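Hello,

Here is the structure we talked about handing over. Please load it first, then read the notes below.

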Amino acid sequence: MASFKKMHADSIADREAFWSREARRIDWHKTPERVLDYDRPPFARWFAGGTTNLCHNAVDRWLTWNGGALADKPALIYISTETDTERTYTFRELHAEVNRVAAMLADLGVGRGDRVLIYMPMIAEAAFAMLACARLGAIHSVVFGGFASHSLAQRIEDATPKVVVSADAGSRAGKVVPYKGLLDEALNLSGHKPARVLMFNRGLAPMPLAAGRDVDWQSLANRHFGAVLPCVWLESGEPSYILYTSGTTGRPKGVQRDTGGYAVALAASMQHIYCGQPGEVYFSTSDIGWVVGHSYIVYGPLLAGMATVFYEGTPVRPDAGILWQIVERHKVAVMFSAPTAIRVLKKQDPAYLAKHDLSSLKALWLAGEPLDEPTARWISDALGRPVVDNYWQTETGWPILTYPMGVEALPRKFGSPGYPMYGYDVRLLHETTGEEVAVGEKGVVAVVPPLPPGCMSTVWGDDERFVKTYFDSIPGKQVYSTFDWGIRDADGCHFILGRTDDVINVAGHRLGTREIEESISSHAAIAEVAVVGVADQLKGQVPVGFAVVRDPGVIASTPARLALEGEVMKTVDSQLGAIARPARVHFVTMLPKTRSGKVLRRSLQAICEGRDPGDLTTIEDPGALAQVKEAVAAK
Ligand code: ATP
Ligand code: MG
């Protein structure tokens, strides 16, 4: 692996030389004065003094590139299996739409540095609104559509937007999810009141407009037909957006992203990590409410001159072949999804995976949670295409660990998201001594600052929280903590063992819940599992598992269920030892997850311990929790 190894070493040894080369991937209005300003650690200011604009680089630039070769080629392919709609916007059309929305927002008083909160379903207008903000130098804060009032109000209060952009409703698995009521309630709850609310009407749900505050999208749009506004050139460090973390582990933090560093980091990743080329098609199944949606639905693909598939729908409607049908029909070159989507497919007929021509697909990249070996192997065999794990966080904006497929075809190991990416000086540190751990030993995944371009510049409005939260947790060192456990093997491959707060202590033995989950999911009958530590008088804590079986038939009777529970325990015994054996394995048909697909382990643990499950506004399906309660009560 000489070539990537050298690239990585160079990127750390001389950061400025490395990133000044990468910076040429984007257009600058004014060339940066300093590649890196690190006068105030751990705050890194990349490309200081340079001015640029994300919308220019994502849209305008492609109108003239290569003699206009891309101007009339697809830029955004909108597909909704919820409303049976499909529409392709070329770069020229996208440019027109974005300009119109920019003019509408400017009309509502939005300018440079103002916040615009976007609470929208996966409709093309949401992308137009994001890019329009970028054009105006305004700061967008996209809040996942479907967050309930309380979560939404928290974010409105923190980001203090001048304008909120929303729609009448989203749609999920064929069911309309009205937004307006939730939004109105959030606006009531919030201490901060935005001046204007711009409402897009899809015709799915009632959308009463509050006089003086709410504005109908279409009426305003009619007044700005054909508008063209110049891009506002921002200094590289000026914020492009605020995005709140998923809140899996606590109070969400407003991750603030810069402009120039983010543009460069994404453009570089499109080449080195995702192998994307201008004119090709990128398909990410995420949602604009998450960081993957920001980096790899909207900005990354467009910054690379690619068409982006903007998909509203689930992986199983109208049938479990829909994702692959889209790949075939649009000749998708790069696809990005999450392990949770793959586990959903694992429960369906595998024949759907073989039905479509996937020869256009270079690889499938998966991120968001640990990709266990059986799932990785299953999808890779089923697709016959490379499957690439990548590990990162809302905070970092692009992968910390993965396989740099655009640089070198390194051997891939199932279960491992690979190697530290260029720019990341990754260390595995002992949680109490702060020393680096040896090969094969577990440590906290940390990054020696400065963080590379694209990573968060601070917590919105709270520099102190940024330093305290992320750089103050390892004793004696100012390093960035990911709060994930990792391990490195002799080849330099990393494995993520779960979050630092997901460790259980059984009679003095520290066990990662992830290891037990891996073991349980290696049992052929299990599709998905979550393990939590539950308080126990004798042992301190014991592991308890919640498993989803592939075929409900296998647990149709109580004896069958008990037999499977016994078998699963035996599997863990033989792989990890009796100490890791779960005290119970409950069978459910779904796990309680956040809308981003992350298991709500804290809530599972609370229910097992008879406590209140806590804040559940991000839960995907409350029915999952009811099942858990029932299962726990039954035994
Ligand atoms: P919060 O920080 O508010 O609790 P969150 O951490 O769930 O929310 P994200 O930033 O969306 O919000 O998720 C990042 C986390 O997801 C990582 O820290 C890691 O725990 C997990 N993760 C992401 N990708 C992978 C991966 N490929 N393998 C293992 N874990 C992953
Ligand atoms: Mg996190």
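**Val-98 and its surroundings**

Val-98 touches Cys-55, Phe-128, Leu-131, Ala-132 and Arg-135, leaving aside residues up to four places away in sequence. Keep in mind that this is a predicted model. Val-98 is found in helix H4, which spans residues 91-107. Is Val-98 buried or exposed? Its relative accessible area is 1%. The cut-off for buried is under 20%, so Val-98 counts as buried.

**Overall shape**

The protein has 19 helices and 32 strands. The radius of gyration is 24 Å, close to the 26 Å that the globule rule gives for 635 residues, so the protein is as compact as a globular protein of that length. Along the principal axes, the C-alpha atoms fill a box of roughly 70 × 55 × 50 Å. Buried residues make up 61% of the 635 residues. Now the contacts with a separation of 6 or more: residues 24 or more positions apart account for 70% of them.

**Surface and charge**

The accessible surface comes to about 23,000 Å². Carbon and sulfur atoms hold 51% of that surface. There are 66 positive and 71 negative side chains. The centres of the two sets lie 0 Å apart.

**Aromatic pairs**

How many aromatic pairs are there? The count comes to 34. One of them joins Trp-62 and Trp-65, edge-to-face, at 5.3 Å centre to centre and with 70° between the planes. Both residues lie in helix H3 (residues 54-68), three residues apart, about one turn of the helix. Trp-62 is buried, at 3% relative accessible area. Trp-65 counts as partly exposed, at 32% relative accessibility.

Tyr-262 and Tyr-299 also form an edge-to-face pair, with 6.1 Å centre to centre and 75° between the planes. Tyr-262 lies in helix H9 (residues 260-272) and Tyr-299 in helix H10 (residues 291-303), so this pair ties together parts that are 37 residues apart in sequence. Both tyrosines are buried.

Ring pairs link Phe-18, Trp-19, Trp-28, Trp-46, Phe-47, Trp-398, Tyr-422 and Tyr-424.

Best wishes

Technical notes:
Residues are numbered from 1 along each chain as its sequence is written. Chains are lettered from A and ligands numbered from 1 in the order in which they are written. This is a predicted model: local features need pLDDT of at least 70, side-chain atom pairs count only at pLDDT 80 or more; totals for chains, interfaces and linings use all residues. Side-chain values use heavy atoms; hydrogens and water are left out. Helices (H or I, at least four residues) and strands (E, at least two) are DSSP runs, numbered from the N terminus. The radius of gyration is taken over C-alpha atoms; the globule rule is 2.2 Å times the number of residues to the power 0.38. Buried means under 20% relative accessible area, exposed over 50%, partly exposed in between (1.4 Å probe, protein chains only). Contact means heavy atoms within 4.5 Å. Accessible areas come from the Shrake-Rupley method with a 1.4 Å probe; for residues, only the protein chains shown count as cover. Lys and Arg count as positive and Asp and Glu as negative; His and the chain ends are not counted. The place of a charge is taken as NZ of Lys, CZ of Arg, CG of Asp or CD of Glu. Rings of Phe, Tyr and Trp (its six-membered ring) pair if their centres lie within 6.5 Å; planes under 30 degrees apart count as stacked, over 60 as edge-to-face and the rest as tilted.
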